Amino acid sequence: MAFVSMFAVSATIDPSNQAWLNALWENIKDKPVESEDYFGNTLKMLAMITITGHWDKP
């Protein structure tokens, strides 16, 4: 999850990556929390917050 989630964040840079982003999002969303460790789950959460735009600019 540590690698997949970060690829999804990078896919948000260009609209031409939408199909790839959708596939990555489905992979992230469908991965159970129990199958990852603390590090992987933390990166998953941060990536999902970033991808969806649910964060405030500092």
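Predicted model: local features only at pLDDT ≥ 70, side-chain atom pairs only at ≥ 80, totals over all residues.
Me: What arc around the axis do the buried residues of H2 cover?
Reply: Leu21, Leu24 and Ile28 are the buried residues of H2. They lie on the same side of H2, because the arc they cover around the axis is only 70°.

Me: Which helices do the buried residues of H2 pack against?
Reply: The residues concerned are Leu21, Leu24 and Ile28, which are buried in H2. Their packing partners are helix H1 (2–11) and H3.

Me: How far apart are the end C-alpha atoms of helix H2, and what span should its 13 residues have?
Reply: Helix H2 covers residues 18–30. At 1.5 Å a residue, its 13 residues should span 18 Å. The distance between the end C-alpha atoms agrees with this, at 18 Å.

Me: Where is Lys44, and which side chain of opposite charge is nearest to it?
Reply: Lys44 is found in helix H3, residues 38–52. Lys44 is buried and has no salt bridge. A salt bridge needs a side-chain nitrogen within 4 Å of a carboxyl oxygen. The nearest side chain of opposite charge is 7.7 Å away and belongs to Glu36.

Me: Which backbone oxygen lies 3.2 Å from a polar atom of the side chain of Lys44?
Reply: Leaving aside neighbours within four places in sequence, Lys44 is in contact with Met1, Ser5, Ile28 and Lys31. Ile28 is also one of the buried residues of H2. The backbone oxygen at 3.2 Å from a polar side-chain atom of Lys44 is that of Ile28.

Me: Is Asn41 buried or exposed, and what is its relative accessibility?
Reply: Asn41 lies in helix H3. Leaving aside neighbours within four places in sequence, Asn41 is in contact with Val33 and Glu36. The cut-off for buried is under 20% relative accessible area. Asn41 therefore counts as buried, with a relative accessibility of 18%.

Me: How far apart are the closest N and O atoms in the salt bridge of Lys29 with Glu26?
Reply: Lys29 and Glu26 both lie in helix H2, 3 residues apart, or about one turn of the helix. Lys29 counts as partly exposed at 43% relative accessibility, and Glu26 counts as partly exposed at 38%. The closest N and O atoms of their salt bridge are separated by 3.3 Å.

Me: Which residues do salt bridges with shared partners join into one network?
Reply: The count of salt bridges comes to 2. Asp30, which counts as exposed at 53% relative accessibility, forms a salt bridge with Lys29, with the closest N and O atoms 3.6 Å apart. Lys29 also forms a salt bridge with Glu26. The residues joined into one network are Glu26, Lys29 and Asp30.

Me: What distance separates the C-alpha atoms of Gly53 and Asp14?
Reply: Gly53 lies in the segment after H3. Gly53 is partly exposed, with a relative accessible area of 43%. Along the chain, Gly53 and Asp14 are 39 residues apart. The separation of their C-alpha atoms is 15 Å.

How values were computed:
Residues numbered from 1 in each chain as written. Heavy atoms only, no water. Helix = DSSP H or I, 4+ residues; strand = E, 2+ residues; numbered from the N terminus. Buried < 20%, exposed > 50% of the residue type's maximum accessible area, 1.4 Å probe, protein only. Lys, Arg positive; Asp, Glu negative; His and termini not counted. Polar contact = N/O pair within 3.5 Å; in protein donor to acceptor, adjacent residues only side chain to side chain. Contact = heavy atoms within 4.5 Å. Expected span 1.5 Å × (residues − 1). Arc of directions from axis to C-beta.
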